[in-house]
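Please keep the sequence and structure in view while going through the numbered paragraphs.

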Amino acid sequence: MSGRRLRAYVHVGGAAYGPDDEVPADVAKRIGDHAWTETASAPEAPTPTGEGGGEAPPRSGRGSGVDVWREFAEQHDVEVAADASRDDIIAACEAAGVIEREE
């Protein structure tokens, strides 16, 4: 799809698609908006929108992978260890005040 690329690898119907893959239109319709990023003039350039930076990924289920959370943390200047789990990244985002703690 022109103008968008995947943030991380996703699996749809038994096939894997990544940031550099051409995703067929019928498959792209099945992938949530949180998994996409707008392309910049340089294909690998991230597109953080500054403060707010968009909605946080889901904490569980579809679209809640560690790669999506890591990118979200990076967009909000939250430092996390290279081997941090998704839960570690979520906790770091909570501690930094980027997202609210879940009750």
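1. A nonpolar core is here a set of buried Ala, Val, Leu, Ile, Met, Phe, Trp, Tyr and Cys residues joined through side-chain atoms within 4.5 Å. Buried means under 20% relative accessible area, exposed over 50%, and partly exposed in between, with a 1.4 Å probe and protein chains only. The largest nonpolar core has 10 residues: Leu 6, Val 10, Val 12, Tyr 17, Val 23, Val 27, Ala 28, Ile 31, Ala 35 and Trp 36. At least two residues of this core come from each of β2 (10-12) and α1 (25-28). Helices (H or I, at least four residues) and strands (E, at least two) are DSSP runs, numbered from the N terminus. A second, separate core has 9 residues, including Phe 72, Ala 84, Ile 90 and Cys 93.

2. On the basis of the note: this is a predicted model, in which local features need pLDDT of at least 70 and side-chain atom pairs count only at pLDDT 80 or more, while totals for chains, interfaces and linings use all residues. Residues are numbered from 1 along each chain as its sequence is written, and side-chain values use heavy atoms, with hydrogens and water left out.

3. Confidence should be read alongside the contacts. pLDDT is the predictor's confidence in each residue, from 0 to 100. The chain has a mean pLDDT of 81, and 84% of its residues reach 70 or more. Over residues 41-52 pLDDT stays under 50, and the model has 10 contacts beyond four places in sequence for them; contact means heavy atoms within 4.5 Å.

4. There are 7 salt bridges in the structure, a salt bridge being a side-chain nitrogen of Lys or Arg within 4 Å of a carboxyl oxygen of Asp or Glu. One of them joins Arg 5 and Asp 20, at 3.7 Å from N to O. This pair links distant parts of the chain, 15 residues apart: Arg 5 belongs to strand β1 (residues 4-6), and Asp 20 to the loop between β3 (15-17) and α1. Arg 5 is buried, at 14% relative accessible area, whereas Asp 20 is exposed, at 62%.

5. Arg 59 and Glu 102 form another salt bridge, their closest N and O atoms being 3.7 Å apart. Here 43 residues separate the partners, with Arg 59 in the loop between β4 (36-38) and α2 (66-75) and Glu 102 in the segment after α3 (86-95). Arg 59 is partly exposed at 22%, and Glu 102 is exposed at 58%. Through salt bridges that share partners, Arg 59, Glu 94, Arg 101 and Glu 102 are joined into one network.

6. Which aromatic rings pair? Rings of Phe, Tyr and Trp (its six-membered ring) pair if their centres lie within 6.5 Å; planes under 30 degrees apart count as stacked, over 60 as edge-to-face and the rest as tilted. The count comes to 1 aromatic pair. The rings of Trp 69 and Phe 72 have centres 5.5 Å apart and planes at 80 degrees, so this pair is edge-to-face. Both residues lie in helix α2, 3 residues apart, about one turn of the helix, and both Trp 69 and Phe 72 are buried.

7. Asp 77, a residue other than glycine, has a positive phi near 55 degrees. Most residues other than glycine have a negative phi. Asp 77 lies in the loop between α2 and α3 and is exposed, at 70% relative accessibility.
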